[in-house]
Amino acid sequence: MTSIRTWIGRGGRGRLSARILASQLAILALTGVIGFVLFAFAQRSTLDRTYEERAVAIAKTTAADPQIRRAMQYDDGGGAVVQAVAERIRQSSGASYVVVIDLHGIRHSHPMPQLVGSPVAEPIAVRDGRPHVGTDQGATGRSANGKVPLYGPTGELVGEVSVGIPEHDVLGELWHELPTFAVYAAIATALGSAAAYLLARRLKRSTFGLELEEIAGLLQDREAMLHGIREGVLAFAPDGRITVVNDEARRLLGLGTALGSTLEEVLPDGRLRRALDGTLTGTDINVLTDEHCLVVNRMPVTLHGRALGAVVTVRDRTELVGLLRELDSVRGLTDALRAQQHEFTNRMHTLAGLLDIGAYDDAYEVAVESAGAGQALTEAVRGRIGNPLMVGLVVAKTTVAAERGVRVVLDDDSALGEDPPQLPRLLTIVGNLLDNAIDAAGDGPPPAGGRTVALTLAEDERATTVRVADTGPGVPPGAHESIFEDGWSTRPERGTARRGLGLALVHRLVSRHGGTITVSEGQGAVFTVRLPSSSPVPPGEGLTKALPVGSVGGER
């Protein structure tokens with residue numbers, strides 16, 4: 001890595017800083033010119049407003065003159081009085097014109113005497129009683145204009161006073177101010193150029209001498225690798241904010257626009273968030289979500305003893321876990337079949353011995369008993385459960401449990417129809433709870449009444465109730481909530497199956513579909529699930545479509 005960096009740095013010496021400096025100088029010059037022009041326009045607008053306000057002030061002074069007010073109300077325009085007073089005010093104020101107009105639009109004063117008595121082109125603007133400002137292109141040229149209402153001695157509106165200040169006064173003031181601002185702009189450009197030079201040198205050192213094209217190539221390679229791998233990758237800053245997240249991480253974690261956010265802002269509290277933020281320590285942390293079975297690993301990143309954050313990888317093991325658990329189930333069934341074959345062989349030896357000694361009646365009884373044992377179990381289950389899938393599941397679990405010395409008993413109060421609501425979820429719940437109970441009951445020395453698992457299935461109009469009780473060691477005190485977390489288990493791994501997912505899956509299924517699950521503490525655990533007949537989640541969604549029924553194994 002060091003040799004690569006050295007070679008790249010030598011190949012691009014001086015070019016990056018020069019290009020950055022040239023670009024920044026061009027930008028500074030361009031922005032300086034644009035800023036100067038914009039400032040000139042802004043200053044021109046400010047000066048226009050200033051001179052318009054000055055014109056309004058002159059107009060108000062004119063409108064307050066008592067001679068003009070009396071003349072306009074009582075002397076039918078006042079003759080030469082209005083013209084004389086208006087011209088005196090215009091000359092003393094430096095305005096380009098002071099025009100007094102009556103309500104009929106007739107001029108009573110004007111710098112051009114020949115226009116006195118002629119009408120104006122625009123309507124009277126001050127009928128609303130308020131001053132008006134603007135730019136006027138009149139007979140004397142372009143000027144900043146202010147108009148105010150003119151009232152007679154009795155307070156009656158008798159006309160308006162319009163005052164204009166020539167535009168060359170405004171432009172002269174502007175040209176007087178611009179050189180000063182040009183000097184300021186030049187000083188700012190010089191300081192910016194010096195700062196740009198220092199910044200270019202610093203960027204050169206910070207990028208290890210890489211040229212812009214090389215940086216772009218590295219970024220493309222990084223993006224291609226980051227979004228092309230089949231693992232979710234997240235990077236966190238020291239303050240816990242997400243700085244990198246690839247497409248696979250968005251898919252697995254259900255993240256939207258997560259960059260710059262903290263985990264508290266994008267994920268609810270739970271095992272997944274605790275695994276991502278480092279609260280849960282260790283490697284290959286299993287997390288169960290609504291859609292996936294994930295494996296999370298978090299690695300802190302440090303440089304020269306300084307913490308730079310952390311990198312988290314998320315792997316989707318849903319299909320793999322499903323296959324491994326299905327394989328483990330097949331192995332369990334294979335062991336059960338091997339044991340049944342051994343038992344059947346022993347019975348055949350017994351039958352052959354009875355036939356050899358001529359005890360035909362006894363041989364007949366042994367044959368009838370062997371043939372009817374399995375059928376009797378199936379018919380007994382069918383008498384209480386109408387759905388064939390559930391019958392097959394219960395019979396299979398009963399057979400496997402029998403080979404482990406555990407007796408599965410279907411309660412006499414059980415009653416399930418041919419088409420129970422939410423059947424796929426119900427099969428998953430019953431299968432996992434039975435696996436869990438069989439494993440628990442099969443551990444340790446047998447109790448006085450034998451190793452037993454009691455199953456109750458009851459259906460009513462509103463919900464289906466599943467109750468599974470075993471004679472195992474039970475749930476430890478205080479663990480009735482943590483027992484449903486992903487990875488919680490007191491039993492070692494069995495074969496390829498990873499423990500700690502069965503009860504978490506059942507709890508997630510039940511909670512997501514509006515049901516409830518409770519468990520007793522102490523000797524002999526009793527799990528009770530109540531699953532409503534209708535679910536807010538459409539069928540076919542969730543983790544049950546990825547994991548085989550009853551394959552997630554026991555937890556205790």
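1. Basis. This is a predicted model, in which local features need pLDDT of at least 70 and side-chain atom pairs count only at pLDDT 80 or more, while totals for chains, interfaces and linings use all residues. Residues are numbered from 1 along each chain as its sequence is written, and side-chain values use heavy atoms, with hydrogens and water left out.

2. Confidence. The mean pLDDT (the predictor's confidence in each residue, from 0 to 100) is 77 for the protein, and 78% of the residues score at least 70. Helix H1 (residues 2-11) has the lowest confidence, with a mean of 36, and S12 the highest, at 90. Helices (H or I, at least four residues) and strands (E, at least two) are DSSP runs, numbered from the N terminus.

3. Contact here means heavy atoms within 4.5 Å. Residues 549-555 also stay under 50, with 42 contacts beyond four places in sequence. Where pLDDT is low, the predicted coordinates should not be read in detail.

4. Four bridges pair strand S7 (residues 285-288) with strand S8 (residues 293-303) in the antiparallel sense; two strands pair if DSSP finds at least two bridges between them. Val287 is placed opposite Leu294 of S8, and four residues separate the two strands of this hairpin. S8 in turn runs antiparallel to strand S9 (residues 306-316), joined to it by 10 bridges. Arg298 has Val312 of S9 as its bridge partner. The S8-S9 hairpin has two residues between its strands, and His304 in the turn has a positive phi of about 55 degrees.

5. Which residues have the most contacts inside the largest nonpolar core? They are Ile385, Met390, Leu433, Val453 and Val466, in a core of 39 residues. The elements giving two or more residues to this core include helix H12 (388-403), helix H13 (423-442), strand S11 (452-459) and strand S12 (463-470). H13 supplies the largest share, 10 residues. A nonpolar core is a set of buried Ala, Val, Leu, Ile, Met, Phe, Trp, Tyr and Cys residues joined through side-chain atoms within 4.5 Å. Buried means under 20% relative accessible area, exposed over 50%, and partly exposed in between (1.4 Å probe, protein chains only).

6. Beyond its neighbours within four places in sequence, Met390 is in contact with Ile385, Leu416, Leu426, Leu427, Val430 and Leu457. Another core, of 23 residues, lies apart from the largest one and has Ala63, Val82, Val163 and Ile165 among its members.

7. Helix H13. From first C-alpha to last, the 20 residues of H13 reach 28 Å, close to the 28 Å expected at 1.5 Å a residue. The expected span is 1.5 Å times one less than the number of residues. H13 is mostly covered, with 18 of its 20 residues buried.

8. Arg90. This residue lies in helix H4 (residues 80-93). Arg90 counts as buried because its relative accessibility is 17%.

9. Salt bridges. The whole structure has 12 of them, each defined as a side-chain nitrogen of Lys or Arg within 4 Å of a carboxyl oxygen of Asp or Glu. One joins Asp284 and Arg315 at 2.6 Å, N to O. Asp284 is in the loop between helix H9 (271-276) and S7, and Arg315 is in strand S9, so this pair ties together parts 31 residues apart in sequence. Asp284 is partly exposed at 33%, as is Arg315 at 27%.

10. Two further pairs. Asp412 and Arg384 form a salt bridge with their closest N and O atoms 2.8 Å apart. Asp412 counts as exposed at 60% relative accessibility, whereas Arg384 is partly exposed at 26%. Asp460 and Arg530 meet at 3.3 Å, N to O. Asp460 lies in the loop between S11 and S12 and Arg530 in strand S14, so the pair ties together parts that are 70 residues apart in sequence.
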